[in-house]
Structures are given as structure tokens and as C-alpha cells.
Amino acid sequence: MTRVAMVMAAALLLLPGAALAQDQNPQNQTAQNQTGQDTKLRAKAPDGARAYIMWPNNGAVISGGKLWVRMGLQNMGVAPAGIRKDDTGHHHLLVDTDLATYDEPIPNNKQSLHFGGGQTEVRLELPPGKHTLQMVLGDADHVPFDPPVMSQKITITVP
Ligand SMILES: [Cu+2]
């Protein structure tokens with residue numbers, strides 16, 4: 001990745017996603033609240049929508065544990081978080097974890113990464129051991145689609 005691209009990605013990360021969300025179609029506002037309850041119906045994924053990890057390959061051995069993960073998407077588009085446009089979403093990467101539910105926003109923590117700026121690649125540093133990676137596309141509110149647009153879960157090893 002070039003330095004320019006990295007700077008752009010960093011700038012996108014600073015987008016006020018929450019503020020954007022509030023300016024868009026109010027009918028899409030969810031009933032999310034502080035208790036985590038969410039009554040939103042999940043957005044429909046178009047036919048043929050597919051998320052896939054372009055790199056690394058399943059079973060890859062990553063010396064040193066530093067890698068770029070490259071995320072691919074077919075038959076849908078990538079849009080920053082908070083942007084409401086049909087058949088678009090943003091990537092999430094689950095590292096050594098699974099989603100507990102598809103009916104709520106994807107958690108935001110060290111194992112559940114959001115790419116709300118529309119990024120399609122990420123640099124990871126993983127400790128020695130076996131690790132799983134799985135991508136999940138989320139809508140403007142970080143909720144998975146129906147059916148979920150998610151990659152195969154791959155396993156990689158850091159010696
Ligand atoms: Cu998200």
C-alpha cells in the first residue's frame with residue numbers, strides 16, 4: 001500500500017459515521033439503545049453477494065505474524081459506515097472469534113474489527129499460534145445482511 005493510500009484510509013477513519021447516519025433516511029433508523037437491544041430488520045443481500053478473503057490463503061503459515069489481509073466482495077459495493085445505499089456495506093474482520101448473532105450490530109473490539117472508512121485491507125500483527133480470520137459485511141449500522149455476506153473462516157498459523 002502506498003503512503004498516500006494509507007493517509008487516505010486514515011482520513012476516512014475519522015469520518016463521523018454516527019453523525020452521517022443521523023442525516024440520512026430517518027426511516028432506516030433503528031431502535032438500538034444502550035442495552036444493546038435492536039429491533040431493526042436486516043437489510044437484504046442481493047443474489048450472488050459474496051465476501052472472500054483474497055489473502056492470506058486458508059492454511060497459510062505467516063512467519064513473524066505480520067500480514068496484510070485483503071478483503072474481496074462480489075455483487076455488492078463498499079461504502080463507509082453510515083452511508084445508506086442499497087447493496088453496499090463495509091467490511092468487518094473477525095479474528096479468533098465468531099459472531100454471536102446476526103441480528104445486532106457487529107461488536108467493535110480487538111477481535112472484531114470495523115472498516116467504516118470503506119477499507120479493503122488491513123495490516124495485522126498476530127502472536128504465535130493458530131488464528132482464524134473471517135470477514136462479515138455490515139450495513140450502515142454495522143448489522144450483517146440477510147442472508148449474511150461473510151467469507152469462509154480461514155485458519156492461519158504463526159510459527
Ligand atoms: Cu462496522
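A nonpolar core is here a set of buried Ala, Val, Leu, Ile, Met, Phe, Trp, Tyr and Cys residues joined through C-beta atoms within 7 Å. In this predicted model, the largest such core has 19 residues. The residues with the most contacts inside this core are Ala 51, Val 69, Met 135, Val 136, Leu 137, Val 149 and Met 150. Two or more residues of the core come from each of the elements β1, β2, β4 (88-95) and β7 (129-138). In soluble globular proteins, nonpolar side chains tend to be buried together.

With neighbours within four places in sequence left aside, Met 135 is in contact with Ala 51, Ile 53, Met 71, His 91, His 92, Leu 93, Met 150 and Ser 151. Two of these partners, Ala 51 and Met 150, are also listed among the core residues with the most contacts. For the chain as a whole, 69% of the contacts with a separation of 6 or more are between residues 24 or more positions apart. Of the 159 residues, 25% count as buried.

The elements themselves can now be put in order. The chain contains two helices and eight strands, and along the sequence they follow the pattern α-α-β-β-β-β-β-β-β-β. Three of the strands form an open sheet in the order β1-β2-β6, with antiparallel pairing. Its edge strands, β1 (50-55) and β6 (121-125), each pair on one side only. On average, neighbouring strands of this sheet are turned by 30° against each other, direction ignored. The antiparallel pairing of β1 with β2 (residues 66-74) runs over five bridges, and Arg 50 stands opposite Gln 74 in β2. Strands of a sheet pair through backbone hydrogen bonds, either parallel or antiparallel.

Some loops have backbone features to check. Most residues other than glycine have a negative phi, and most peptide bonds are trans. The loop between β1 and β2 holds Pro 56, which is joined to Trp 55 by a cis peptide bond with omega of about 0°. A cis peptide bond also runs from Asp 146 to Pro 147, where omega is near -5°; Pro 147 lies in the loop between β7 and β8 (154-158).

The loop between β7 and β8 also contains His 142, which is not a glycine but has a positive phi of about 70°. His 142 counts as buried because it has 23 C-beta neighbours inside 10 Å, the cut-off being 20 or more. Asp 87, in the loop between β3 (77-78) and β4, likewise is not a glycine and has a positive phi, of about 60°. Asp 87 has 15 other C-beta atoms within 10 Å and is therefore partly exposed.

The chain averages a pLDDT of 84, and 75% of the residues score at least 70. Over residues 1-36, pLDDT stays under 50. The model has 34 contacts beyond four places in sequence for residues 1-36. Where pLDDT is low, the predicted coordinates should not be read in detail.

Key:
Residues numbered from 1 in each chain as written. Predicted model: local features only at pLDDT ≥ 70, side-chain atom pairs only at ≥ 80, totals over all residues. Pairing = 2+ DSSP bridges. Helix = DSSP H or I, 4+ residues; strand = E, 2+ residues; numbered from the N terminus. Axes fitted to C-alpha atoms, helices over the stretch in contact; angles between N-to-C directions. Buried ≥ 20, exposed ≤ 12 C-beta atoms within 10 Å, placed from the backbone. Contact = placed C-beta atoms within 7 Å. pLDDT = per-residue confidence, 0-100.
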